[in-house]
Amino acid sequence: MPMEPRLLKGFRDYLPEQMIARQSVINAIRNVYERYGFVPLDTPALEYTETLAGRAVYGTEGSGQIYTFQDRDNEWVSLRYDLTVPLSRVIALYKELPRPFRRYQVGPVWRVDKPGPGRYREFVQFDLDTVGCPDMLADAEILSAIHDVLLQLGLSRFRVRFSSRKVLNALIAFAGIDACRSHDVFRILDKLDRIGQKGIAEEMKGGRLDVSGDFIPGLGLSDSQVVRLLEFLNLPQPSRAIALDGLSQLFAGVANAGEGLDELSAIHEYLTALNIGDDQVAIDVSLARGLEYYTGPIFEAILLDAPEFGSIFGGGRYDGLVERFLGEKVPATGASIGVDRLLAAILKLGALELRPSTATVLVTVMDPQWRVEYQKITRELRQAGINTELYLGKEKGVGKQLQYANRQRIPIAVLLGADEAAQGIVSIKDLRVGSKAQAELKDRSTWLQARPGQFTVPRPQVVEAVRSILSG
RNA sequence: GCUGGGGUAGCUCAACAGGCUAGAGCACCUGACUGUGGAUCAGGGGGUUAUGGGUUCAAGUCCCUUCCCCAGUACCA
């Protein structure tokens with residue numbers, strides 16, 4: 001008995017249809033990033049566990065989600081959890097790298113997590129980071145790049161949000177909360193979208209019952225502390241400038257609050273100079289983010305027409321991460337696009353069409369007698385830069401081959417049989433014409449006679465004819 | 001991970017209260033119709049009812065195990 005073909009939970013095969021769409025998204029992102037002058041980097045899937053599992057890297061939850069095992073040499077190794085920590089390792093290992101080091105990296109990362117819609121244990125991230133620049137100019141450039149990426153992908157209805165961990169630290173001081181609880185507070189603040197202010201207030205205090213009746217334990221903060229948190233959350237933020245005003249008034253008496261505000265206002269100024277508006281890249285004080293290593297600005301983006309996919313982009317400044325390996329403090333900032341989520345959202349929004357084939361032309365094999373001629377035509381088209389497939393299935397008649405082209409969404413078919421050969425011509429068929437017409441057709445003989453979208457050209461003009469179809 | 005719900009063909013679902021050989025639509029394959037996609041017509045392949053055990057004369061149906069899926073939670077891209 002053959003064994004059952006099984007897929008590991010939370011893992012996926014990327015079938016050609018998905019891969020074609022995914023690669024086009026990745027190429028679009030890469031083009032934008034190279035336009036900004038970032039350089040490519042790749043690192044191994046496996047790292048020493050100690051590289052990833054240091055204190056205060058991913059937080060307690062994050063560390064528990066790292067795939068870890070012993071290899072044949074009894075070394076403890078782990079699958080990378082993100083691309084940021086490997087980058088900081090690279091910075092420390094290759095001291096000859098230029099500073100600032102501005103790199104992009106795309107590849108899978110692994111997290112032991114409960115799989116769900118749009119959430120997997122292996123997923124692809126596309127990262128963009130600048131290492132060695134303390135100025136907010138670097139952060140603004142990250143935001144500007146994601147802004148350009150989304151526009152490039154045909155997604156204009158998005159909202160990029162940013163804030164700063166330093167602002168949140170000021171909030172902790174402002175509310176009189178013990179600094180050691182700050183990460184718990186951030187985690188709950190981050191849920192604003194889902195549970196609302198009422199839910200946040202409950203969870204900050206005694207806890208709350210969720211929709212399923214499950215009890216979520218609270219932090220046990222006092223009423224007055226929660227009032228201050230809500231005051232912060234209710235700051236009006238119709239624009240970056242107004243949000244900044246509100247923050248500086250609210251935190252007027254808080255020591256060290258100035259640092260975070262300076263960061264946000266610097267980013268605001270840079271964005272304004274780049275002509276990036278409040279509606280596209282906004283300050284959002286409720287933004288918190290889960291990872292422990294952020295030290296300054298933090299970023300996130302959602303698609304307004306596909307909010308159910310969650311954030312498709314997230315990141316921030318992590319000035320302490322490289323220090324773990326180097327001892328020397330190296331400023332760094334960057335962000336990550338969740339390629340799978342972004343792709344799922346794009347497909348749902350219809351901004352990209354799934355195609356099972358990369359071919360534009362199918363050269364059919366009508367009669368094995370002309371095989372060499374089919375090969376020659378195929379080669380001519382390929383040399384002209386046109387993606388062309390020679391039909392390699394069983395030669396069972398042209399009907400099957402056109403059906404194949406139709407199902408593969410290959411728009412153009414080339415046909416050559418005895419009739420054409422006798423006249424030195426080739427038949428070329430634009431299948432898209434028939435696809436449009438076929439809804440109205442009922443009777444087969446009319447359909448056969450019509451031969452929609454089909455015409456003949458002299459044999460030497462095949463490439464030219466295909467080109468003219470493609471150019472519309 | 002936790003709580004709850006679920007699992008019948010590739011997909012969507014059916015099968016009175018435990019009772020004949022587990023069915024249908026779609027999809028797929030073969031054929032007919034000029035050397036041509038669609039429609040139509042004729043035929044065909046597909047199932048250990050997720051899994052292992054138990055109760056019973058009899059289990060898709062009832063009980064338990066494991067696995068997987070879904071919703072919420074936690075976390076995050």
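Mentor: Here are the ground rules, then the RNA surface, the sheets and the helix packing. This is a predicted model, where local features need pLDDT of at least 70, side-chain atom pairs count only at pLDDT 80 or more, and totals for chains, interfaces and linings use all residues. Residues are numbered from 1 along each chain as its sequence is written, chains are lettered from A and ligands numbered from 1 in the order in which they are written, and side-chain values use heavy atoms, with hydrogens and water left out.

Trainee: RNA, then. Which residues come nearest to RNA strand B?

Mentor: Arg111, Arg187, Lys191, Met366 and Asp419, out of 55 residues around RNA strand B. A residue is near if one of its heavy atoms lies within 4 Å of the strand. Of the RNA atoms that come within 4 Å of the protein, sugar and phosphate account for 51%.

Trainee: How do the residues of that surface divide into nonpolar, polar and charged?

Mentor: 16 are nonpolar, 14 polar and 25 charged. Ala, Val, Leu, Ile, Met, Phe, Trp, Tyr, Cys and Pro count as nonpolar, Asp, Glu, Lys and Arg as charged, and the others, Gly among them, as polar.

Trainee: What is 3.1 Å from a phosphate oxygen of RNA strand B?

Mentor: An N or O atom in the side chain of arginine 407. That is a polar contact, a pair of N or O atoms within 3.5 Å. The bases are touched too. A polar backbone atom of leucine 431 is 2.5 Å from a base nitrogen. For proline 452, a polar backbone atom is 3.4 Å from a base oxygen.

Trainee: Which elements give two or more residues to that surface?

Mentor: Strand S6 (122-131) and helices H8 (192-204), H15 (398-407), H16 (418-423), H17 (431-437) and H18 (444-450). H15 gives the most, with seven residues. Helices (H or I, at least four residues) and strands (E, at least two) are DSSP runs, numbered from the N terminus.

Trainee: Switching to sheets. What is the strand order in the open sheet of five?

Mentor: S15-S14-S16-S17-S18, with mixed pairing. The edges are S15 (388-390) and S18 (454-458), each pairing on one side only. Neighbouring strands are turned by 25 degrees against each other on average, direction ignored. Two strands pair if DSSP finds at least two bridges between them.

Trainee: How many bridges join S16 to S17?

Mentor: Four, between residues 412-415 and residues 425-430, running antiparallel. Valine 414 has isoleucine 428 of S17 as its bridge partner.

Trainee: And which residue stands opposite phenylalanine 69 in S4?

Mentor: Valine 77. S3 (residues 68-70) is joined to S4 by three bridges, antiparallel. The two form a hairpin with five residues between them, and asparagine 74 in the turn has a positive phi of about 65 degrees. S2 (residues 46-48) also has three bridges to S4 (residues 76-79), again antiparallel. There, glutamate 47 stands opposite serine 78.

Trainee: Last topic, helices. At what angle do H6 and H11 pack?

Mentor: About 150 degrees, with axes 8 Å apart, for residues 165-174 and 257-273. Therefore H6 is roughly antiparallel to H11. Angles under 35 degrees count as roughly parallel, over 145 as roughly antiparallel, 65 to 115 as roughly perpendicular and the rest as oblique. Axes are lines fitted to C-alpha atoms, for helices over the stretch in contact, and angles run from 0 to 180 degrees between N-to-C directions.

Trainee: Is the crossing of H6 and H11 left-handed or right-handed?

Mentor: Left-handed. That applies if the near helix is turned anticlockwise from the far one by less than a right angle; clockwise is right-handed.

Definitions and conventions:
Polar contact = N/O pair within 3.5 Å; in protein donor to acceptor, adjacent residues only side chain to side chain.
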